[in-house]
Amino acid sequence: MLAYALAAILLVVGVVCYAAFPAKTPEEPVRLMFKTTAGKVLFDHKTHSADAGYGVACDDCHHEGDEPVACSECHEPDSEVKRSDAFHSQCKGCHEESGAGPLECSECHVM
Amino acid sequence: MNNEKKLVVAHAPYWHDGSKISTKNYNIMVAALPAVLMGISHYGAPALGVVAFAMACAMIWELIMNVAMRKPFSIGDGSAAVTGLLLGMLMPATAPWWVIALGTFIALSVGKQIFGGIGFNPLNPPLLALAMLVISFKGVFDFDEALRHYDLGFIMTYPLADLKYFGTEAISKFSLGDLVMGRQSGAIGSTFGLGLIVGGLYLILRGYVRWEISLSFLAGVFITALLFNLSDSNQYAGPMFHLFTGYTLIAAFFLVPEDSSSPANFIPMLLFGVLAGLMTVLIRNVGAYVDGVPFSILLLNLANPLLDKIRPKAIGKVVENA
């Protein structure tokens, strides 16, 4: 009987946890995982934007509109400046300018 | 009546610690508690949900399989609950509910019940389920992707993924103290090294886990990682890193020594553990997967019957090994 009671309690706890605490995307991203044909890229958004990190201003990257919008809102695969071109020029450009951060493909992309 | 013992037929060493199967399984759950609680304290309600749901699902699948196979109900022995708990501990806190339901189904049906239930499974049920899930749903078990929304105040990139993709330079940021104390990203119940060691030692001292298998597995990981590291320290991480990252410690104390999928003789136990440790580091260092634990142990599970035939004993000779 103890096992049946345990199973029932655990089921209720599990269902309640899943229902009441669904995975939420934070308003300001912590890290972003970009999925590309050349492998995934993990981007630490918080470290780049925080003053204690690299202190990059929001509008240095989010250059359109008053409020930051997601990059893929404008940079789609078939738009004038493709998403991949936008990211490469933004990321590598900044890394080259500041003399810090990865430049080689395999330093960001993982298969 | 002549009670004199004429002949004892024995094919393996047997040992009995005097307790019931259910007592053993509830002790395993208690031993796993520190690591589980650390996971829940890090990831909160979602981690509790994964572990609770996995345990409940495993028990329900066991019940369904008992009914389907017209066998006595066996969820009272705690074996299904332990399988669910261990599978939950191997999951990221963000694992979807359907992955848990599917994983526990694989563990309980394919991994255990179709072979005849407890004591008959040739493969470790939670690891079989984990291996099938990792192959089928890579994104769910990419801890960098799965835990990208969490910021817990320590380095949140998955140590083994950093090592695999960016080399030893990328892992210099991890301190051994942080890794031991569970301040690392990973599965719910596999990151708190100290808790797993304490739980494992408890199980060994109580006689529920064979020290030969646990320690030889750790020795296999340590020696193989050390040899790789000595051959090229720029490319391969040191042994301590491998011991305290990924699934190493939960495997050593809760997965490798699982009763029916591991050997019973002394030398086979040592070989089993060492080879599983060797395969784990081989897969991590030169294989395709970030962590080699599920595949290395399953492979050795397959070799288990052969390993136990090393130095076979004549029928009638009892091997004192308990």
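A crossing of two helices is right-handed if the near helix is turned clockwise from the far one by less than a right angle. The close-ups below come from a predicted model.

**View 1. Helices H3 and H4 of chain B cross in a right-handed sense.** H3(B) spans residues 79-89 and H4(B) spans residues 97-110. Their axes lie 10 Å apart, at an angle of about 135°. Angles over 145 degrees count as roughly antiparallel and 65 to 115 as roughly perpendicular, with this range between them left as oblique. H3(B) is therefore oblique to H4(B). On H3(B), the contact is made by B:Ala80, B:Thr83, B:Gly84 and B:Leu87. H4(B) contributes B:Gly103, B:Thr104, B:Ala107 and B:Leu108. By class, this contact of H3(B) with H4(B) has 4 nonpolar and 4 polar residues, and no charged ones.

**View 2. Helices H5 and H14 of chain B cross in a left-handed sense.** H5(B) covers residues 125-136, and H14(B) covers residues 293-307. The two axes come within 9 Å and cross at roughly 130°. That angle makes H5(B) oblique to H14(B). B:Leu127, B:Leu128, B:Leu130, B:Ala131 and B:Val134 form the H5(B) side of the contact. Facing them from H14(B) are B:Pro294, B:Phe295, B:Ile297 and B:Leu298. The contact of H5(B) with H14(B) has 9 nonpolar residues, with no polar and no charged ones.

**View 3. The largest nonpolar core holds 102 residues.** The members that touch the most others are B:Val50, B:Val51, B:Ala54, B:Met55, B:Ala58, B:Met89 and B:Ile250. Helix H2 of chain B, residues 45-68, gives this core its largest share, 14 residues.

**View 4. B:Val50 has contacts beyond its sequence neighbours.** Neighbours within four places in sequence are left aside here. The remaining contacts of B:Val50 are B:Gly88, B:Met91, B:Ala93, B:Ala95, B:Ile100 and B:Ile188. B:Val50 is also one of the core residues that touch the most other members.

**View 5. Chain A meets chain B.** The contact takes 21 residues from chain A and 23 from chain B. On the chain A side, helix H1 (2-20), strand S1 (32-36) and strand S2 (39-43) each supply at least two residues. H1(A) gives the most, with 9 residues. By class, the side of chain A that touches chain B has 16 nonpolar, 2 polar and 3 charged residues.

Note on methods. Residues are numbered from 1 along each chain as its sequence is written. Chains are lettered from A and ligands numbered from 1 in the order in which they are written. This is a predicted model: local features need pLDDT of at least 70, side-chain atom pairs count only at pLDDT 80 or more; totals for chains, interfaces and linings use all residues. A nonpolar core is a set of buried Ala, Val, Leu, Ile, Met, Phe, Trp, Tyr and Cys residues joined through C-beta atoms within 7 Å. A residue is buried if 20 or more other C-beta atoms lie within 10 Å of its own, exposed if 12 or fewer, and partly exposed in between; C-beta atoms are placed from the backbone. Helices (H or I, at least four residues) and strands (E, at least two) are DSSP runs, numbered from the N terminus. Two residues are in contact if their C-beta atoms, placed from the backbone, lie within 7 Å. Ala, Val, Leu, Ile, Met, Phe, Trp, Tyr, Cys and Pro count as nonpolar, Asp, Glu, Lys and Arg as charged, and the others, Gly among them, as polar. Axes are lines fitted to C-alpha atoms, for helices over the stretch in contact, and angles run from 0 to 180 degrees between N-to-C directions. Angles under 35 degrees count as roughly parallel, over 145 as roughly antiparallel, 65 to 115 as roughly perpendicular and the rest as oblique.
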